Amino acid sequence: MSNIMLSVSSLNEQIKTLLETTFEFVSVEGELSRITKHGSGHIYFTLKDSDSTIKCVMFKGNAARLKFSLEEGAHIVLHGALSLYKPRGEYQINAFSAEPYGQGALALSFEQLKKKLEEKGYFDPSRKKSFPKFPNRLGLITSATGAALQDMQRVASQRWPLVQLFVHDVLVQGPSAAGMIANALRSADTKEYDAIIVGRGGGSIEDLWPFNEEIVADALFGMKTPVVSAVGHEIDWVISDFVSDLRAPTPSAAMQMLLPDRNEMIQSIDEMRYSAYGMITQRLERKREQLLSMQEAFKRHGVEHRLSVQREQLLELRERLKAQIRITLDRATREIIPIKERLIQNMESLLRQKRSLILQLNEAYEAQNPKHKNKRGFAQIAREGNVIDLDALSVGDRFDAMNERRIVRSEVVEIAII
């Protein structure tokens, strides 16, 4: 048998061809180890069991389709093909897909993302926003052709017709749905809605999966407007339910939770009206009683009453004054009679005295009247109109000497004693 001389590259090429044609599709169970996620998007790792290991690679395109994260020590089933890396002569599994051993990939991915977001604080109750009691504008992020939108519109028209609904049409399943939902959330957050509902009707876990994507969770976490997650049915739970401010079991239930019931409001308004009417009636009755009491008090203490009292007091004082005056006049009348009699007596006595005095004075005057002085050389002496005696004069005094016919003005120049 002749020996064929091969180069290393040629040998590796033949081995590569043999491996890739013989093991073009394999499914291998094992434990993940030495996981390296390259910046290019490729993932390099080792699959091992208790006795052996084999290197594996999952290129970017296949890695992007994974529904869960490859983690150290995870037990998985790897689907792919054997290939040889010629530069080093090492064979490896070129992995096309993977799934958790013993459970579905989607279920594992859900739990992994839920744990990750919970650790980041996405589910923290303290960050949950409150909803207005009477919303006027609601943003609806759902499919414009889906039954969920019709259910929400029907409930809104029956429950609270005043609300305005603004639909943001998006895909709610499929590979591009998560990106559209995230973009619609960010756009709706700028529209000044009172609240936003994001969701769809029921379906399989694959149908609901866009609401389990991290891109949707990130958009919900950054919302300023309160958001309700209304995906599927009561038994369906998705990541958006945990991140949103409120979870509704169905889209129609979201409308019931957000909007007031107009029938209840009408009933409440009627009850408030009756209650207010009763309260107003009672208050008016109390005020009427208070007014009557105040009117009575005003009559007792008001100006008219006080004037009336003062008028009565004035009339009483006037009558008392009249009575006092009458008493005083009667007393004075009784007292004035003897006074009048004494006065008359005194006046008569005084008149008699004055008549007697006048007679005396008249006689003295007549006795001193110059007319009755017929002696020759007789003259009466007076000074400043008063008759004086001759002895009252001193040297230098001026005096008048007069008789019945004339007055002579004289001055004393010398006094001789006889």
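**Reading a predicted model, feature by feature**

Author: Let's start with D397, which sits in the loop between β12 (386-387) and β13 (398-402). Helices and strands here are DSSP runs (H or I, at least four residues, for helices; E, at least two, for strands), numbered from the N terminus. This is a predicted model, so local features need pLDDT of at least 70 and side-chain atom pairs count only at pLDDT 80 or more, while totals for chains, interfaces and linings use all residues. Residues are numbered from 1 along each chain as its sequence is written, and side-chain values use heavy atoms, with hydrogens and water left out.

Reader: OK, is D397 buried, partly exposed or exposed?

Author: Buried means under 20% relative accessible area, exposed over 50%, and partly exposed in between (1.4 Å probe, protein chains only). D397 comes out at 21%, so it's partly exposed.

Reader: Which residues does D397 touch?

Author: A contact means heavy atoms within 4.5 Å. Leaving out residues up to four places away in sequence, D397 touches R383, A392, S410, E411 and V412.

Reader: What does D245 touch, then?

Author: Again skipping residues up to four places away in sequence, D245 touches R127, K128, K129, F131, T225, P226 and V227. D245 has a relative accessible area of 12%, so it counts as buried.

Reader: Where is V172, and what is around it?

Author: V172 is in the loop between β7 (164-169) and α5 (177-188). With residues up to four places away in sequence set aside, V172 touches T142, S143, A177, G199, R200, D207, P210 and F211. V172 is buried, at 12% relative accessibility. The C-alpha atoms of V172 and W209 are 8.9 Å from each other, and the two residues are 37 apart along the chain.

Reader: On to rings. How many aromatic pairs are there?

Author: Rings of Phe, Tyr and Trp (its six-membered ring) pair if their centres lie within 6.5 Å; planes under 30 degrees apart are stacked, over 60 edge-to-face, and the rest tilted. The structure has 5 such pairs. One of them is F123 with F242, a tilted pair with 5.4 Å centre to centre and 35° between the planes. F123 is in the loop between α3 (105-119) and β6 (137-142), and F242 is in helix α7 (residues 239-243), so the pair ties together parts that are 119 residues apart in sequence. Another tilted pair is W237 and F242, at 5.3 Å centre to centre and 35° between the planes.

Reader: Which residues do the ring pairs link into a cluster?

Author: F123, W237 and F242. F123 is buried, with a relative accessible area of 14%, whereas W237 is partly exposed at 44%.

Reader: How do I read two packed helices?

Author: Two packed helices are described by the angle between their axes and the distance between the axes. The axes are lines fitted to C-alpha atoms, for helices over the stretch in contact, with angles from 0 to 180 degrees between N-to-C directions. For helix α4 (residues 147-159) and helix α8 (residues 251-258), the axes come within 8 Å and cross at roughly 25°.

Reader: What do you call that arrangement of α4 and α8?

Author: Under 35 degrees is roughly parallel, over 145 roughly antiparallel, 65 to 115 roughly perpendicular, and the rest oblique. α4 and α8 are therefore roughly parallel to each other. On the α4 side A148, D151, M152, V155, A156 and R159 meet P251, S252, M255 and Q256 of α8. By class, that contact has 6 nonpolar, 2 polar and 2 charged residues. (Ala, Val, Leu, Ile, Met, Phe, Trp, Tyr, Cys and Pro are nonpolar; Asp, Glu, Lys and Arg are charged; the others, Gly among them, are polar.)

Reader: At what angle do α5 and α6 cross?

Author: Roughly 5°, and the axes of α5 and helix α6 (residues 214-221) come within 8 Å. That makes α5 roughly parallel to α6. The contact involves A178, G179, I181, A182, L185 and R186 of α5, and I215, V216, A219 and L220 of α6. Those residues divide into 8 nonpolar, 1 polar and 1 charged.

Reader: Last one: what is phi at R34 and at E192?

Author: R34 has phi near 50°, a positive value in a residue other than glycine. R34 is in strand β1 (residues 26-37) and is exposed, at 66% relative accessibility. E192 isn't a glycine either, and its phi is positive at about 60°. E192 lies in the loop between α5 and β8 (195-200), and is exposed with a relative accessible area of 70%.
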